[in-house]
Amino acid sequence: MSSDIPQSLLPQSDAGEMVVISPGHFLALPRPDILTGPPAGAPDTSTVAAHDFDVDNSTGFMPPQPPLARLPPLWEAWELALEDGLAAKLQLADKPDQSDTDRNRARHWQARVRELPVLPVTQLKESEVLLRRGHLVLTWMLHLYIRTLPLDLPELRIPPPLSIPLLQISSHLQLPPVLTYSDTVLYNWALIKHVPLTIASPAPALDNLRCNTLFTGTRDEAEFYLSSARIELRGVQALSLMRAMMDEAFVGDAIAIQRITSYLHALAGVIGELTKLMLDVREGCDPNVFFNDIRPWFRGADSDSPRRPWIFEGLESDPSLKEPTELSGPNAGQSAVIHALDIFLGADRYSHASHVTGHGRSSSASASSSPSSTSSPSSSSTPSPLADKPKPSVSFLARMQVYMPRHHRAFLRHLSADPRPIRNLVTESSDTSLKEAYNAAISALKVFRDAHVRIVAIYIVGPGKKGARPQEEQKGTGGTSAITFVKSVRDQIQGALLPDVEA
Ligand code: HEM
């Protein structure tokens, strides 16, 4: 992916290895934003090809090459600040039994972040890969900063060297300025052994992945992210089956129906493998370590009780910036592969009916709205307006799409707009085998959600009962009980089964 980075920004050794494309070549043109189209005067080189949705044939929503692991020298100050903060093993502010040395180490690192220069992001905008890495570095730094601030502060102030570039990058990427699933999973991996990708094995092996960045440096944390990464890679076969079924649905004759029937059974098998990969997280990630040492780092602005507003200092210095409204932390509910399965099978309207918000409150966002779209620009002393405005009800699934890379969000929207949805084809057909195959796929999704409920019980409810950390941690995104929410999704999905047909 480094070939996406302007050469002038690369250290000489990397630039030397690159294939040089002349600036006028169409491959050198920036890829237009699928949501807003090409900039005025630029040709539209986009197509509906998977490439434009950043979906790779072999790695799906993960990039086909290991993600950029370090920004070019211009932004080295960010990389070093994050690296040093992680190496210092800073403790969560609410970790019991902290020593004065622990607290001093945190204050020292926070002061260093406040003293960083406000680095420009203009050149980052030349490359999607650079922007992604910029978002990753600054959001990891953000959570490290916020979650080590003293507990008695009534509001959590994010200093300009962190807040301004983060807001600018996030605005460009149309992402919330918080840690997302893509920062912890999709763009946070490297190969253990360098194995060249070939036609025979075009994606990294599931056991050849490691993580670049971890809060705790533990195997538990790495395995937590890697279990999702493996699901992403295994899910590629599900995406291929979906594509094949969409092609067959277009033809729609008797042979096509037979093929769709067999593809639906194959899809059920792949979903079964995803379920197994999810349950395998238990082999490498200890529930108590997850609950007490890992999960608290992810907490967004809506998880604190009492709520302590996040204040992005210096926001008013750039009139194009808006007060963020979406500040939930990362979770695998932001994985496009699971959304794609739900949407393709027409199960999303059951699993994530709009009343299943996962919230004590309803949300401001929708999948089509910008994550930072809200009120007028406000001053740095204005708290984030996350709290308590009456807002339209939006399903959790729709809300989590706001946290996905925008091309993946566009892919899901494209999938939702399929003119020949598979569920309609099945319900309109009198072919019992087809209906059975469809129900087999829905049942597999239900089994996936059953397993997910078990995982949430093991990783959140169980350790929460031991009371080592505040009960707060039992809550999910938005503050309601996590287990109640995932159970309700599991129960709702049952509604997508077609009646009077064997599964
Ligand atoms: C230790 C592992 C995991 C834990 C503790 C866990 C926990 C949770 C929690 C608490 C929620 C509720 C969202 C919130 O309120 O924040 C959630 C939602 C969700 N998670 Fe997980 N999760 C785990 C692994 C996974 C994996 C591997 C996937 C799939 C890649 C996944 C997919 C989802 C989905 C799709 C949702 C949205 C609700 C739904 O559609 O069922 N989770 N998860």
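Me: The model is predicted. In which helix does His452 lie?
Reply: For "binding site", an unreviewed UniProt entry lists His452. The helix that holds His452 covers residues 432-465. That helix is α16.

Me: Which atom of His452 is a donor of the iron atom of the ligand?
Reply: The iron atom of the ligand has His452 as its only protein donor. The distance is 2.1 Å, and the donor atom is NE2.

Me: Is His452 buried, partly exposed or exposed, and what is its relative accessible area?
Reply: Buried means under 20% relative accessible area and exposed means over 50%. His452 falls between these limits, so it counts as partly exposed. Leaving aside residues up to four places away in sequence, His452 touches Met278 and Val486. The relative accessible area of His452 is 28%.

Me: How far apart are the end C-alpha atoms of helix α4?
Reply: Helix α4 comprises 19 residues, 128-146. At 1.5 Å a residue, helix α4 should span 27 Å. The distance between its end C-alpha atoms agrees with this, at 26 Å.

Me: How many of the residues of α4 are buried?
Reply: Helix α4 is largely enclosed by the rest of the structure, because its buried residues number 19 of the 19.

Me: Which residue caps the N-terminal end of α4?
Reply: A side-chain oxygen of the capping residue lies 3.1 Å from the backbone nitrogen of Val129. The capping residue is Ser127.

Me: Is Ser182 buried or exposed?
Reply: Ser182 is found in helix α6, residues 181-186. Not counting residues up to four places away in sequence, Ser182 touches Tyr187, Asn188 and Pro405. Its relative accessibility is 2%, so Ser182 counts as buried.

Conventions. Residues numbered from 1 in each chain as written. Predicted model: local features only at pLDDT ≥ 70, side-chain atom pairs only at ≥ 80, totals over all residues. Heavy atoms only, no water. Helix = DSSP H or I, 4+ residues; strand = E, 2+ residues; numbered from the N terminus. Expected span 1.5 Å × (residues − 1). Buried < 20%, exposed > 50% of the residue type's maximum accessible area, 1.4 Å probe, protein only. Polar contact = N/O pair within 3.5 Å; in protein donor to acceptor, adjacent residues only side chain to side chain. UniProt positions renumbered as here; feature names shortened; annotations may be inferred. Contact = heavy atoms within 4.5 Å. Donors = N, O, S within 2.8 Å, 3.2 Å for Na, K, Ca; no water.
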